[in-house]
Amino acid sequence: MKRAALLALALAVLVAPAILPWDFYVNIATQVLIAAIFALSLNLLVGYGGLISLGHGAFLGASAYAVIFLTTRAGMAQLPAAACAVVFATFLAALFGPIALRASGLGFLMITLALGQIMWGVAYRWVEVTGGDNGLSGFTRPQPFGLDLSSPHAFYVLALLVFGCSFAFIALLVHSPFGAGLRGVRDQPRRLRALGFDTWLIRYAAFVIAAFWAAVAGVLWAYYNQFVSPHVLSLTNSAEVLLMVIAGGAGTLFGPVAGAVIVVLLKNVASAYVTRWMMLLGIVFVVIVVFMPEGLVPGLARLRRRSTGGVARPRTEGA
Amino acid sequence: MTDGPRLPDGGRVTAGRDAAGTSAVTAALEIEGLSKSFGGLPAVRGVTLQIAPGERRLLLGPNGAGKTTLFNLITGDIHADSGIVRLGGRDISRLRPHRRAHLGLARTYQVITLFSSDTLLHNLTLSLLGVSASRWNPLLPLSRRDDLRERALALLERVGLSQVAERKLSETSYGEQRRLEIAMALAQEPRVLLLDEPFAGLSREERRDMQQELSRIPREVTMVMIEHDLDVALSFADRIAVLHQGQVLVEGTRTEVVADARVQEIYLGA
Amino acid sequence: MRFWLVQSLNGLALGGLLFLLSSGFSLIFGLMRVANLTHGAYFMLGAYVGLSVLEAGHGFFAAVVAGALAIAVLGGIIERVLLRRLAGRTLAQVLVTLGIAFIISDSTLLVWSGDPMPLPVPAALQGGVRAFGVFFPKYRLAVVIIAVVAAVLLLLLLERTRIGAMIRAGVDDMDMARALGIPVPRLFTAVFCLGAALAGMGGVLGGPILSVYPGLDMDMLPLALIVLILGGAGSIGGAFAASMVIGFLYTFGQVLFPSLAYVILFLPMVVAIALKPKGLFSADAA
């Protein structure tokens, strides 16, 4: 009963922006959805794989650059360009994976940070292709099958559909045998190996899958902004998405979505009052890590369990 | 390839019989000149052992004799500096640990390294998945795999843990965790099972249960055990190898080993 | 020929700056297992502090000392107040240093505005010396000498002093160091301050060559990472060699392939990671 009510509420919240007339809020809702896809993808690594990446922005950025470059500079049609962009960024992850996965823990974090900086350096310096600091612009949203996506509402619906797909895929994945293996790699890699799991390949597969969904988010990001600059590949952007995952609750399905809501709202609200987003980001980062390391969703769930007096269900998820 | 990957559900013929009537010749587990040093300190020095199919072998030796390191070398957790490991006649020295598991090598650990925030059932399911091709399936919910669940429950029943199947591992007793270790190893239908101090830290009754558990394991499974408790261990063993400072000091039957002067020296300080 | 000589000196000078930046980064990582992502911000903030001291009419030497001291104090406070609170949670510590890096980065923008500002070369070191028919800028020679002196002093500190012996013991085996009764918390603070001071000093010394601008922090941080990966954790000699390699690569890369110079920097890192037999920081550690 209660569950049905919650579900109805969630659906209402998701559908509302498609109907409501305020463009400003619809756009923010779209931003949230794109950020949520991005955060969900990173959560596969951070929450389920125990691999903290500070270079996940590389894949969103690579795909955003690729789709804009292919359509505006190479004259490709919209849909093939989008597909190529996703393939390109996923392929990039397939190349980066073996380097990053030479280490886990801190080593992985440092190598992903360095790899992310390479991408930033390429975007910033390879002016002939990337437009350097000015970035690439002159991009418009596609009109698949004659549908006009230039209105905020129509684009919101597209983002919602893609978000639904990514959420469903990731929900299935984390409850699948592969997902069980991935969590096992996080908790007891040595034991899991002895049980017959190829721990390296599991991590590698997770790395590439995470990059794939980041790339999908990247295409949407490019459509939404119709412009791309090296900022999308900056460490700030990778840190932002990591904050979403950690703030919401790593290793939970809804955590990254909640984190995306919080960070996007904070960013939009803050920019209306102060121009110091980076400082705010830094402060929130420190506060969350020091005071709420498990994240919002698991924290609230624990409070709720306590207040209803229910017995804690054996939770298979957890950071 | 005589050792094709196992079918998810089927049992498997042991390698000894695979090799067309030469079962007496092919050892289940064969170690030849295995050595490993850590930072110049030799831990295992040129160990050579042959363990026949179905044999129960006990590894004895004081702390630091290199027994657990030997297990880690056999399973591939660490790389040997030199030497060969053969499983059912096949050289597995260069295979990675998960491949060795697929070929029928299972082990338990001295220190419990299970998935403590998961249920016993989930732990066991992971063990079943490890040797099943469906471990790569990213879309089918694990909860719908009734076949895995039933097999896991049957195994838990076998070691007397079915009433705590849904309990989190961290909420179970040490003895229960030890028994789960055995069940997880058996779930892999191993042909060679390495047991690292299965009796350590157990109470008197738990020891008796464990002893029964182990005696019920069929002879198709070859077992190698590290144990300090000689009372339970001696009754288990067909043959015994005593390790000392990384080398095999004595190898033989129970009576031969117990009578050996060098063994007496190590254990009794005579 | 002339080109190669001049560029080599530039490479050495950049390598010297990188050494000041990354020797502390490497020591901190080696001892505390914390990748201090604030290190680039220390370098930049040091340069800004030096700039303000210079603008207030003090000499260059005073600017270097002020930059080093200010950053040492800041580093000490961060270590005492935040990192210690998270002792044992390495990843949390690293994320906190990242958050602080953002805060510092934005604060400097607020205080010193967004324009790139070169620090003036001190009067005594203006001009150059002639050798082999080439004109070498004195200041860059001085930076190289300072870096070499700093490396020697650090090595002496580590090899010849009591505190150095404690640091080496901690880098080798922290549990053993604790068991031996080494005051680990105080040692952490000391090393953190030392590393921060070196970075702050490097920032001021780098000012006349690199200038100081928003984003200098994020430009320098990856370089410190690369030096750590190439040189090995906690090794002064390794950090020195790696700094020089990167200094040369970047300098020549910049001249020969300007659009790809930044990428070339990472090639030795990728090679080092690929070649190390067991990976860098041993997979599955913790």
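**Figure 1. Chains B and C of the predicted model do not touch.** The nearest C-alpha atoms of chain B and chain C are 11 Å apart. Two pairs of chains are in contact, and of these, chains A and C share the most contacts.

**Figure 2. Chain A meets chain B through 22 residues of its own.** These 22 residues of chain A are in contact with 32 residues of chain B. On the side of chain A that touches chain B, the elements giving two or more residues are α7 (152-175), α8 (177-187) and α9 (189-194) of chain A. The largest share, six residues, comes from α8(A). By class, this side of chain A divides into nine nonpolar, eight polar and five charged residues.

**Figure 3. Helix α9 of chain C is largely enclosed by the rest of the structure.** The helix comprises residues 216-231, 16 residues in total. From its first C-alpha to its last, α9(C) reaches 22 Å, close to the 22 Å expected at 1.5 Å a residue. Because 15 of its 16 residues are buried, α9(C) is largely enclosed. Just after α9(C), Gly232(C) adopts a positive phi of about 90°.

**Figure 4. Helices α9(C) and α11(C) form a left-handed crossing.** The axes of α9(C) and α11 (residues 261-275) of chain C come within 9 Å and cross at roughly 35°. On α9(C), the contact is made by Ile226(C), Ile229(C) and Leu230(C). On α11(C), the contributing residues are Leu265(C), Phe266(C), Pro268(C), Met269(C), Ala272(C) and Ile273(C). The contact of α9(C) with α11(C) has nine nonpolar residues, with no polar and no charged ones.

Terms used
Residues are numbered from 1 along each chain as its sequence is written. Chains are lettered from A and ligands numbered from 1 in the order in which they are written. This is a predicted model: local features need pLDDT of at least 70, side-chain atom pairs count only at pLDDT 80 or more; totals for chains, interfaces and linings use all residues. Two residues are in contact if their C-beta atoms, placed from the backbone, lie within 7 Å. Helices (H or I, at least four residues) and strands (E, at least two) are DSSP runs, numbered from the N terminus. Ala, Val, Leu, Ile, Met, Phe, Trp, Tyr, Cys and Pro count as nonpolar, Asp, Glu, Lys and Arg as charged, and the others, Gly among them, as polar. The expected span of a helix is 1.5 Å times one less than its number of residues. A residue is buried if 20 or more other C-beta atoms lie within 10 Å of its own, exposed if 12 or fewer, and partly exposed in between; C-beta atoms are placed from the backbone. Axes are lines fitted to C-alpha atoms, for helices over the stretch in contact, and angles run from 0 to 180 degrees between N-to-C directions. A crossing is left-handed if the near helix is turned anticlockwise from the far one by less than a right angle, and right-handed if clockwise.
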